[in-house]
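Here is a short report on one structure. Please keep the sequence and the 3D view open while reading.

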Amino acid sequence: MSEPVRLRSLLRDWISVVRSPAPAYNEAPAPSGLSIWDPIHLGVDEYGRPVRVTLAYRNALLAGEPGAGKSVGLNCIVGHAALATDCGLWLFDGKLVELGLWRTCAERFVGPDLDDAIQALGDLQTEMDRRYDLLDTERRRKITPDDAAHGVAPVVVVLDEVAYYSATVGTKSQRESFSVAVRDLVARGRAAGIIVVAATQRPSSDIIPTSLRDLFGYRWAFRCTTDSSSDIVLGAGWATRGHTAAAIAPEDKGVGLLLAEGGEPRRIKSAYLSDEQVYALADHAAALRARDAA
Ligand SMILES: Nc1ncnc2c1ncn2[C@@H]1O[C@H](COP(=O)(O)OP(=O)(O)OP(=O)(O)O)[C@@H](O)[C@H]1O
């Protein structure tokens with residue numbers, strides 16, 4: 001298209017937008033503006049460039065020593081997922097106070113009760129199997145944004161302090177049931193639209209065994225105490241290649257190494273949301289979700 005014609009057509013489009021009456025709030029709800037299929041803003045890299053990742057068909061692991069900035073990083077993901085009304089949000093928080101701020105946006109919120117957590121994971125497994133049956137019947141491999149029209153939307157499952165459920169409370173057999181269910185969801189959930197985001201302040205091999213860690217497409221290592229705990233999060237060998245979260249200074253809160261499938265770890269600083277901002281976003285997201293559900 002030649003330049004004057006392109007400009008004329010842009011102007012025409014613009015005028016038609018300006019002239020069209022503004023939709024009344026209750027008649028034509030505007031979309032929230034965010035979608036779980038869109039990239040999620042996590043923060044900035046060392047050059048100040050924005051770092052964004054697409055969570056659909058992926059899982060994410062966040063780990064680092066206490067106070068390193070995991071919860072702040074997690075809030076970036078949960079905030080996007082909450083505002084994206086085209087996904088379900090299931091939150092697991094043994095401490096209640098981390099993800100509790102987002103409770104009003106959650107389709108399901110699980111607190112410290114391990115039996116509740118196991119039950120909720122079981123329900124997710126049932127939903128996952130139902131979706132695979134559906135895909136099998138329709139000879140398809142994975143769910144897509146079009147499935148929303150049939151009520152099949154991605155579900156973002158956030159587990160904050162996964163070690164609380166898998167290694168701290170309950171009996172050995174309960175903890176085992178929890179871990180087996182998490183592994184199953186992380187291993188099989190992606191194509192069915194079940195996205196697992198797990199966080200832990202215990203980057204050790206009993207909490208993040210290699211076979212589980214390798215199933216996470218995104219690994220975000222906040223400051224760790226040793227090279228080996230950094231490698232447990234990112235993968236063996238990264239520390240010797242110069243990528244270790246043990247090199248992050250203790251005062252560099254919110255800084256972590258992000259490994260995205262197939263790449264090299266990048267040093268990034270997460271975006272920061274204060275508690276007041278989280279509450280404001282959570283209220284807004286809850287209102288959008290309630291409006292969409294009505
Ligand atoms: N991106 C950031 N920018 C500025 N400050 C940050 C950032 N991330 C974290 N902090 C600071 O570090 C503190 C600890 O962060 P956060 O609560 O996320 O740590 P954590 O790793 O989740 O700790 P814990 O494992 O004990 O829950 C925050 O209260 C905040 O003051």
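## Ala 192

In which loop is Ala 192 found? The loop runs between helix H5 (172-188) and strand E7 (194-200). Helices (H or I, at least four residues) and strands (E, at least two) are DSSP runs, numbered from the N terminus.

Ala 192 is buried, because 23 other C-beta atoms lie within 10 Å. Buried takes 20 or more other C-beta atoms within 10 Å of the residue's own; exposed takes 12 or fewer; partly exposed falls in between; C-beta atoms are placed from the backbone. Setting aside neighbours within four places in sequence, Ala 192 contacts Met 128, Arg 131, Tyr 132 and Ile 143. Contact means that the C-beta atoms of two residues, placed from the backbone, lie within 7 Å. Arg 141 is 51 residues from Ala 192 in sequence, yet the C-alpha to C-alpha distance is 8.6 Å.

## Model and numbering

This is a predicted model: local features need pLDDT of at least 70, side-chain atom pairs count only at pLDDT 80 or more, and totals for chains, interfaces and linings use all residues. Residues are numbered from 1 along each chain as its sequence is written.

## The annotated domain

UniProt, in an unreviewed entry, lists residues 48-231 as "domain: FtsK". UniProt positions follow the numbering used here, feature names are shortened, and annotations may be inferred rather than shown by experiment. The span 48-231 is 39% helix and 19% strand. Its end C-alpha atoms lie 25 Å apart.

## Around the ligand

The ligand is surrounded by 15 residues. The closest are Gly 69, Lys 70, Ser 71, Lys 253 and Gly 254. Helix H2 (70-83) and strand E10 (266-270) are the elements that give two or more residues to this shell. H2 supplies the largest share, three residues. A residue is near a molecule or strand if its C-beta atom, placed from the backbone, lies within 6 Å of it.

The shell divides into five nonpolar, seven polar and three charged residues. Ala, Val, Leu, Ile, Met, Phe, Trp, Tyr, Cys and Pro count as nonpolar; Asp, Glu, Lys and Arg count as charged; the others, Gly among them, count as polar.

Leu 96 is not a glycine, yet its phi is positive, about 70 degrees. Leu 96 sits in the loop between strand E4 (88-93) and strand E5 (108-110). Leu 96 counts as partly exposed because it has 14 C-beta neighbours inside 10 Å.

Arg 139 also has a positive phi, near 50 degrees. The loop that holds Arg 139 lies between helix H3 (114-137) and strand E6 (155-160). With 6 C-beta neighbours inside 10 Å, Arg 139 counts as exposed.
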